[in-house]
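Colleague: I have a model open and would like to go through some of its residues. Could we take them one at a time?

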Amino acid sequence: MLNRFFCAAAFAGLAIASPAAAIIDVNDDPVLFWNQTMVTLLAASPPAQTRAYAMVNIAMHDAVNAALGKPNVSYLHGVAASGGDTRAAASKAAHDVLVALNPGNTAQYDAALAASLALVVDGAAKTAGITNGAAHAAAILARRAVDGSAPIAPWVPGVLPGEWRPTPPGFAPGALPQWGGVDPFVLNSGDQFRPGPPPALTSAAYTAAYDEVKLIGSADAEILGNRTADQSLSANFWDTANGGTWLRIGLIVAEDKALDTLGFARTFALLSTSLADSLIAGFDAKYHYALWRPVTAIRLGDADTNDLTVGDPNWSPVFATPAHPSYLSTHSALSGAGSEVLISLFGDTQAFTFSIGPDTRHFSGLAQAAQDGADSRLWGGIHFRFDNEAGLAVGHSIGRWALAGQAFNVVPEPASWALMIAGFAMVGGALRRRTYVQRAPVIYRRVLA
């Protein structure tokens, strides 16, 4: 069932159609349905997308959790509403957040809500579920109302060797310089897993990375025999990925799992918050180090203080370079976070086929997909190899941190709480940057209402 796909995006009997996701319709679990709905309809920059996905999934998890008596640790605190039907609670929570963040698609979200609520028998449970969902949607919207995501003054580009400046062909100003300062969802701060600096311009590591991207990432590299046809396909496939790509992969992987609504809610809350924080951490590093992109580096290679780099003023990558600094690759950070969460929850034993737009690619598993997504940025000529390696590592760290946290996981038994408190007293402040051991995932039974 992992290779079932729709061919076009449309509502068809309230089945959300997307070339990049498994067949999911309104009769499926509401968490799956609403995730499919929003990745189909919500178009924005990847950071804004992942912020919205995290908010929707937090609201759904906590509403479903409250409907069931809070067996899991809630993310939001002080929300009085509880109880009710889980489908009604999840659907109302998702709907209200999406309408607030994406009002242009209100009609479609209203139709999806009406179809979902039509599956719930009228009565006190339905009414309570709707009230519950609305309260949790309002709570996450209020919490994120002033979270640092609003635009700030334009970034001032550098002029010295190695410093980022606008790139051809559009020479657009630096995009989203504020995003590294956005309040994280599960991290303590955007710089919690900030990597060390990129290699110095005069180092052997930088010279090797420079020569590699110059050779393999140029627009004519395939014609010259320096890039394989499959590498070119990967570059173009992942170039059209966005903030919802790993959420779509999550839908493919999770769809067949034996989870109930709370289990799906936990899965997608962990996944979406990890993805959102990987972009916050990625933009923190980007604008902290403000490293120039390969196209700038190569065109100015004869004036970079490195006698071993040979410049080419006419060099161009496979496709246009995004308008923000090079180090680190946020595509790679998304791949690291997404694969870490999904592999930890479900394992990595099954191959799958995945489509983005008209392009389809087959993967042996999630880890291979993540590595392919990272490598694609080198093959496309828009990142150095060390950008991608740092991005993957940061993403994996964020995924592990989210899985080891309290939010969305089962409320510990009293004895477990005592052990945890004792452990916290022993390690104290060292917890902030330690490597955590993943908690075994809770297996739920899937129930389709």
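Colleague: Is Phe171 buried, partly exposed or exposed?

Modeller: This is a predicted model, in which local features need pLDDT of at least 70, side-chain atom pairs count only at pLDDT 80 or more, and totals for chains, interfaces and linings use all residues. Residues are numbered from 1 along each chain as its sequence is written, and side-chain values use heavy atoms, with hydrogens and water left out. Buried means under 20% relative accessible area, exposed over 50%, and partly exposed in between (1.4 Å probe, protein chains only). Phe171 has a relative accessible area of 49%, so Phe171 is partly exposed.

Colleague: Where is Phe171 found, and what is its phi?

Modeller: Helices here are DSSP runs (H or I, at least four residues), numbered from the N terminus. Phe171 is found in the loop between α5 and α6. Although Phe171 is not a glycine, its phi is positive, at about 50°.

Colleague: Which peptide bond to Pro169 is cis, and what is its omega?

Modeller: Pro169 lies in the loop between α5 (124-143) and α6 (204-216). The cis bond runs from Pro168 to Pro169, with omega near 5°.

Colleague: Which residue does a cis peptide bond join to Leu328?

Modeller: Leu328 has its place in the loop between α10 (294-299) and α11 (330-346). The cis bond has an omega of about 15°, and the residue it joins to Leu328 is Tyr327.

Colleague: Is Ala290 buried or exposed?

Modeller: Ala290 is found in the loop between α9 and α10. Ala290 is not a glycine, yet its phi is positive, about 50°. The relative accessible area of Ala290 is 13%, so Ala290 is buried.

Colleague: With which residues is Thr267 in contact, leaving aside its neighbours within four places in sequence?

Modeller: Thr267 is found in helix α9. Thr267 has a relative accessible area of 3%, so Thr267 is buried. Contact means heavy atoms within 4.5 Å. With neighbours within four places in sequence left aside, the contacts of Thr267 are Leu259, Leu345 and Phe346.

How values were computed
Helix = DSSP H or I, 4+ residues; strand = E, 2+ residues; numbered from the N terminus.
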